[in-house]
Each structure stands twice: as C-alpha cells, then as structure tokens.
Amino acid sequence: MAIEAPFAKMNGLGNDIIVADMRGRADRVTPAAALALAADPATKFDQIMAIHDPRTPGTVNYIEIINSDGTHAQACGNGTRCVVQALAAETGQKIFTFETVAGILNAEEHEDGLISVDMGMPRFGWQDIPLAEEFRDTRAIELQIGPIDAPVLHSPSVASMGNPHAIFWVDEDVWSYDLDRFGPLLENHPIFPERANISIAQVTSRESLNLRTWERGAGLTLACGSATCAAAVSAARTGRTGRTVTVTVPSGGVLKIDWRADDHVVMTGPAEWEFSGSFDPASGTWRREQQDVA
C-alpha cells in the first residue's frame, strides 16, 4: 500500500497551486497522479510544487514543478510564494533558498505577509528562450494571429524567465481578445520548440500593466508569476514602462515587479492557503484533513 504524502491546496492571486510535501521520500509525483488531481474540481490546479530534500549545499529544498497536463515546468513564481508561505508557517523561517530545474531561487516572507521571490535574470537571446530560428532583436519577433493585412495579434516580445514567454502588446482591454482560442495555437507554434507561455499585455501607465496569460501546460490562468515578470521586463526593455511596475492579473490581484540594477527580477505578492490533505503520489487519490478556512 502506498504511503500518502501531505499536501496543501493554495493559490497565488488565483493561480491554483498544490504544494506537495515529498521530503524524505524517493518517489515522485507521477503524471497519472497529476492528471487525476487536475480532473477533480476540489484539487484542480495549475501547478504542483513538489518539495523534495535538498540536492545542493546551501539550499533548503529542491522543488519539482508539474503542470496540470502532467508535464514539467522550469519556473512558477506564484507557486514559489505558496511554498514559502507553507514552509514559513511550519518552521518560522522567513528566508529561503530553493533549487529548481531552472536554477537557484531566493525568497523571503515579509512582516506584512507578502512574499518576494528573486526570479533570477531574464534571458533575451533567441537560442536561450529558445526559438526555432534566429531573431537578432527579440523585443519584437515576426509572429501573428489573423489575416496578414489585419492581424489580431502580432510582433510579440519574447523572453525567458527560466521558461519561454511571448508577450503581445495591445491598446485595447486585454479581455477583448479570445485568448482561449489563440492560446493553444500560439503555445504550440513551431517557432517555440519547447512551447511557450502566451500573454496579452496592456500598458496602463509608466508604472502599471494589465495582463492575461495562457500558461504552457495549464491553459488559461488567473495569474502567472513568471509571465508577469517576463511582461514587466519586456515592457521596460521596449521603453513602454520603467523597471518597477505593478501588474494586474485576471483575478484582480496585483504583483509588484522590480527589475533591479543587478539584472535580477524580484516579484512581490501574496499567497493564500485553502485546505490541506494527503494523497498518493502514484495514483492521485487523496483525502482532506482540514476544513476550508473561513
């Protein structure tokens, strides 16, 4: 009989997250388990953040990130904030250094409960994002949806925040676009050999953006931390904003993004606990252990 692992169902500004405690175990969350949890309305998630024992000296944990379709992601800023809140509540620790497949992440819970995550340095080289062909200037690449002479979306900025992102700039409200129809087509466009997160961004001032995202491997999401970072740095890089902005996401929440002088991108925002339980990492069967908070 499988030994169950504890989990917490959480969210980061509406980005549905499962924080799975896999410490002290040799097994992994299987794709079958991820698909089963994603199919259950109570545990439906955008990402599973599986906390494992550390692999590298100087880090507290290795985090494996699993999308709702069972594939893996390199980065998830909203999920990282949820991990920080869960571990801070358990240990009282406020400062953390994690390892992910994309590299080392530093994070901190502040006295006001907000959590900052150093998402590392953005990458803009076409081969680093990656793209399937060379573009010398990734501030705007040749890619469009719609008629050639009147495209609906065109010329996105592209960047990597540990995972690939394309940001389409629009003047109208971001809700004016049928992202659930365009998203899958663009995510799987041949220009993106590892697929991509697709965002629509509207600049509302020199210090603010509105953003909607189709998340690679998860679909439409109420928030995507790494997409928020990619949009913020791309807005600054193209002269649309300064290097510190607030980004409003579909949940109505706001993330603060600071592209620091050392080139690191720091994201600050909240995380919210919903309920906890235990699950079988092989099958995804689960049971609730605490009632929802009021």
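**Cavity, annotated sites and nonpolar cores of a predicted model**

A search of the whole structure finds 1 cavity of 30 Å³ or more. On a 1 Å grid over the protein atoms alone, a cavity is a set of points where a 1.4 Å probe fits but cannot get out, and lining residues have an atom within 4 Å of a point. Grid points are joined across faces, edges and corners, and a volume is the space filled by probe spheres set on the points. The structure is a predicted model, in which local features need pLDDT of at least 70, side-chain atom pairs count only at pLDDT 80 or more, and totals for chains, interfaces and linings use all residues. Residues are numbered from 1 along each chain as its sequence is written, and side-chain values use heavy atoms, with hydrogens and water left out.

The largest cavity has a volume of about 40 Å³. Its lining consists of Q47, N67, A73, A75, N163, N197, E215 and R216. In the unreviewed UniProt entry, the feature "binding site" is placed at N15, Q47, N67, G77, N78, N163, N197, E215, R216, G225 and S226. Of these residues, Q47, N67, N163, N197, E215 and R216 are included in the lining of the largest cavity. UniProt positions are given in the numbering used here, feature names are shortened, and annotations may be inferred rather than shown by experiment.

The unreviewed UniProt entry also carries the annotation "active site", which covers C76 and C224. These two residues span 149 residues in sequence, yet no two of their C-alpha atoms are more than 7.3 Å apart, so they gather at one spot. C76 is found in the loop between strand 5 (72-73) and helix 2, and C224 in the loop between strand 15 (219-221) and helix 4. Helices (H or I, at least four residues) and strands (E, at least two) are DSSP runs, numbered from the N terminus. C76 counts as buried at 4% relative accessibility, and C224 counts as buried at 2%; buried means under 20% relative accessible area, exposed over 50%, and partly exposed in between (1.4 Å probe, protein chains only). Not counting residues up to four places away in sequence, C76 touches N15, I17, Q47, M49 and I65. With the same exclusion, C224 touches N15, N78, H165, T213 and E215. Contact means heavy atoms within 4.5 Å.

G77 lies in helix 2 (residues 77-91) and is buried, with a relative accessible area of 0%. Leaving aside neighbours within four places in sequence, G77 is in contact with V117, M119, G225, S226 and M267. S226 lies in helix 4 (residues 225-237) and counts as buried at 1% relative accessibility. Beyond four places in sequence, the contacts of S226 are A75, G77, M119, M161, N163 and H165. The side chains of S226 and H165 are joined by a polar contact of 3.2 Å. A polar contact is a pair of N or O atoms within 3.5 Å; within protein, one must be able to donate a hydrogen and the other to accept it, and residues adjacent in sequence count only if both atoms are side-chain atoms.

In helix 2, Q85 has a polar side-chain atom 2.7 Å from the backbone oxygen of A271. Q85 touches M10, E109, I115, A271, E272 and W273, not counting residues up to four places away in sequence.

In soluble globular proteins, nonpolar side chains tend to be buried together. A nonpolar core is a set of buried Ala, Val, Leu, Ile, Met, Phe, Trp, Tyr and Cys residues joined through side-chain atoms within 4.5 Å. Of the 49 residues in the largest nonpolar core, V83, F98 and I257 touch the most other members. Helix 4 supplies the largest share of this core, 8 residues. A second, separate core of 22 residues includes I129, I141, L153 and L179. Not counting residues up to four places away in sequence, V83 touches V19, M49, I51, I63 and F98. M49 is placed in strand 3 (residues 47-52) and is buried, with a relative accessible area of 0%.

The peptide bond from I129 to P130 is cis, with omega near -10 degrees; P130 is found in the loop between strand 8 (115-118) and strand 9 (144-145). S155, a residue other than glycine, has a positive phi near 55 degrees and counts as partly exposed at 31% relative accessibility. R195 is not a glycine but has a positive phi of about 60 degrees, and lies in the loop between helix 3 (179-187) and strand 13 (197-205).

Key: On a 1 Å grid over the protein atoms alone, a cavity is a set of points where a 1.4 Å probe fits but cannot get out, and a pocket is an open set with protein on both sides within 12 Å along at least five of seven lines; lining residues have an atom within 4 Å of a point.
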